[in-house]
Amino acid sequence: MKLAPQSVPYRALQKVSGFVVVAFFVANSNDWGLPAAAAAGGAILIAALAYETAYYRRFDYELTADTLDISSGVISRREREIPYRRIQNVDVSQSVIQRAIGIAAVDLETAGGSSTEGSIRFVKPAEATRLRREVQRRKSGSSAGEASATEGSADGADRDAVGPAEEELFAISPGELALVGALSFDGRLIGLLVFLSSGSVPVLSGFIPEASATALTATAIVAVGGLFLVSWILGAGVAFSNYYGFRLSRAGDELRYERGLFRRYSGSIPTEKVQTLTVSDNPAKRVLGYASLSIETAGYAPGQSGDGGSQAAVPIATTDRVYRLAHEVESFGTPTFSRPPKRIRWRYVFRYVIAVAVLVGVAFAVDWFVTPDLPWYGPAVLLLAVPPAAHLKWKHRGYWLGDDHLLTRNGFWSRTVTVVPYYRIQTVIDSRTIFQRRWNVATIVADTAGSSSFSGTSAAAVDFELDEAIELREALQERLQSALTTQRNRRDRFEWFEGDVDEAVEAGPDDDADGVDVADAEEAAGAGRAGAGNDADTGDDDAATARDAGIPDADRDAERGDTQSGDSSDSGSDADSDPVDAEDEPAIPDDGVVRPDFSTTDRDYSEPAERIDTGEYAVDRFPSDADVAHQRGGRNGEADEGTSDEETGEERTSDEETGEERTSDGGTSNQESAEDPAESDGGSAGDEK
Amino acid sequence: MTAQSLHPRIRIVWILRAVIVAAVFSLPFAGGFYIGRLPMWAPFAAGGVVLALGVVHAVLKYRRWSYEIREDALYLDRGVVTQVRTTVPLVRIQHVDSRRGPVERGVGLASCVVYTAGSRGADVRIPGLTPDGASDLREELKRLAIRADGEDAV
């Protein structure tokens with residue numbers, strides 16, 4: 001697929017625009033300036049156009065079965081494949097000019113990496129929407145089993161057009177939009193000016209020594225007031241244009257957002273990729289009963305956050321609405337926060353007293369060197385505010401361990417409640433500064449792959465008693481492990497039961513208990529095949545999976561081959577592996593569910609596995625016993641005979657483990673299994689994310 | 001596996017680093033002496049104080065540092081001024097490097113860096129290993145990470 005042709009002049013002009021400023025100065029410099037600037041500008045414009053034409057011709061993207069392939073580059077060429085499964089979010093944005101000429105920028109984010117992994121600039125808006133939908137559809141198609149659940153049994157063409165129904169979760173009301181504007185105060189300008197003026201105050205007062213202190217103060221107050229007003233108007237304008245028409249909806253297993261007045265943003269976030277939720281408010285919002293919510297994924301690398309990282313942030317809504325929305329995304333219960341020990345308030349008191357003392361010191365120094373009339377002890381009044389401040393700081397700290405989530409709360413002026421599912425915890429950090437050790441407290445941070453560490457909102461339980469902190473650390477660790485186990489079980493189930501997931505989950509456990517006999521399993525396979533509408537997809541994916549993981553499961557592959565060839569007439573998709581043994585076709589049980597055979601093999605893992613050469617990639621003729629969906633008894637013996645292998649037995653065994661676990665999740669290749677020769681085509685962009 | 005401490009020679013690396021820091025720190029004082037504003041002993045005193053602090057820090061750091069591979073996590077305990085205990089679940093390991101900087105090569109040491117997808121503790125470095133120890137640790141962590149099945153390491 002090609003870019004939109006309009007992107008050529010647009011990109012060229014974009015490149016040249018930086019030159020315009022230079023040209024302006026050149027043009028004004030002397031008599032020859034204008035023609036010189038025009039000539040140079042023309043030359044550069046032509047060069048840019050030529051380059052962009054080449055870029056346009058070279059740029060090509062394609063949606064394959066399980067990757068998005070982008071090949072680009074004029075001078076150095078790059079081919080990039082992004083597996084759909086690894087895509088964290090898809091963002092589409094259009095500035096005013098882009099909207100006028102009908103183009104849109106598409107950004108695909110995967111976890112990690114310092115920049116956007118897939119950046120397609122620019123395509124037509126319709127194509128952008130199609131890309132987004134298509135990526136989502138193929139992604140859910142490639143995570144086994146889920147496609148049928150979300151999209152019913154519609155065939156490929158149908159799904160393409162319709163997609164899952166959208167359910168609106170949140171739409172900003174005009175009142176809320178006005179509030180967003182009113183409450184977003186851009187402090188950066190003030191910070192900058194304060195920073196600049198802090199250096200210039202002594203200088204200025206040196207210039208106007210005769211001005212009275214009152215006049216100075218009055219000017220300062222007016223200046224500060226004006227500054228606040230300007231910042232406020234700026235902040236309001238930016239927020240208004242950013243969040244105009246904000247809408248968040250759920251479609252299948254992804255969240256979609258849309259917003260923006262001048263620059264339109266839209267995009268999607270798969271719910272399964274959500275890392276943390278952050279609910280934040282400030283005293284003003286708390287009084288009015290409002291809060292804001294941001295949804296973080298691992299897609300945005302730290303520091304990359306152009307406009308505040310998470311683009312699907314709900315700027316403002318009534319608190320209960322925010323919590324309802326948050327519960328939609330991650331269903332945590334009703335939190336009851338436990339606070340740090342009360343004595344820790346003294347720590348904050350000391351801290352603030354020191355801060356006030358420093359302020360007084362600075363004021364005294366200024367007074368000493370510059371204007372001896374000012375009351376330098378003025379800042380000491382702040383001491384009165386110290387006890388309440390310490391109390392408030394303590395009051396707004398806390399953490400809560402929910403069933404599946406850790407919630408932490410911090411900050412008074414900008415209070416953030418961070419929701420971290422245990423399953424998303426990356427590392428648990430317990431840190432104690434030298435001062436904290438004096439108070440016998442510690443801080444526990446649950447780090448996630450979200451992008452929030454820069455804005456300082458990673459989930460932290462600050463200043464808790466040592467015992468409690470250690471307990472919390474251990475608890476997080478344990479709960480992460482149990483969450484992983486749960487997740488793994490659920491995932492494996494998806495892998496095994498291809499047909500009707502719900503039925504399988506229901507019927508699974510009790511049937512498994514009395515063992516699955518051969519005929520049953522064979523029947524099951526057939527039924528699963530007949531029942532699932534997405535079989536061809538799954539089959540394809542499995543083959544790819546197997547290739548990725550380096551340890552394909554020959555037997556299963558063959559069966560999938562069967563499945564596909566049997567199915568291809570109605571699915572229209574072509575199977576890429578031929579049926580190896582047609583009489584191997586499993587029969588269908590009455591309930592239509594394929595069940596795993598839990599009988600262990602008598603294979604000796606110290607012996608190398610038999611491998612067969614399929615021409616394309618080498619496969620293990622004898623798959624490991626853990627994830628074979630429908631294994632027949634006879635196979636155990638036959639595979640033991642094989643000993644032809646390129647690798648040592650031990651190496652194989654460890655790889656086997658990778659293989660069996662990787663294949664079960666549909667395509668995660670682990671970098672560490674790279675010694676396997678079959679792995680050669682396994683790793684692709686963004687694989688380890 | 002019980003808690004492991006680092007190789008004693010790592011102190012040499014850290015002390016060398018402290019020497020460099022002290023040298024850099026004393027430069028402005030040396031400049032001050034050069035233009036005649038500071039007495040002769042100022043750069044030495046400044047450098048000496050920083051060096052002493054650096055050496056004490058290095059020794060304490062060495063005493064404090066320990067790591068341990070537990071059943072399902074890598075556990076690190078370190079830090080002098082701020083004590084940090086990091087738990088890296090084996091499932092979350094993205095990849096593992098063993099690396100040897102020039103100074104480390106000089107004293108015959110190596111280190112091992114464990115990467116996760118996290119934003120804060122994204123890479124955890126275990127210094128002060130013997131070269132063999134570093135590659136053994138890397139292999140061990142790799143094995144454990146594979147066994148732990150990091151399907152979705154994010």
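User: Before we start, how are residues and chains labelled here?

Analyst: Residues are numbered from 1 along each chain as its sequence is written, while chains are lettered from A and ligands numbered from 1 in the order in which they are written. As this is a predicted model, local features need pLDDT of at least 70, side-chain atom pairs count only at pLDDT 80 or more, and totals for chains, interfaces and linings use all residues; side-chain values use heavy atoms, without hydrogens and water.

User: Is strand β11 of chain A largely enclosed or exposed?

Analyst: Buried means under 20% relative accessible area, exposed over 50%, and partly exposed in between (1.4 Å probe, protein chains only). Strands (E, at least two residues) and helices (H or I, at least four) are DSSP runs, numbered from the N terminus. Here, seven of the eight residues of β11(A), residues 274–281, are buried, so the strand is largely enclosed by the rest of the structure.

User: Which strands are joined to β11(A) by bridges?

Analyst: Two strands pair if DSSP finds at least two bridges between them. Six bridges link β11(A) with β12(A), residues 290–297, in an antiparallel arrangement, and A:Ser280 sits opposite A:Ser292 there. Five bridges link β11(A) with β16(A), residues 415–421, also antiparallel, with A:Leu277 opposite A:Val419.

User: Where does A:Asp463 lie, and is this residue buried or exposed?

Analyst: A:Asp463 belongs to strand β19(A), residues 459–465, and is buried at 0% relative accessible area. Its phi is positive, about 60°, although it is not a glycine.
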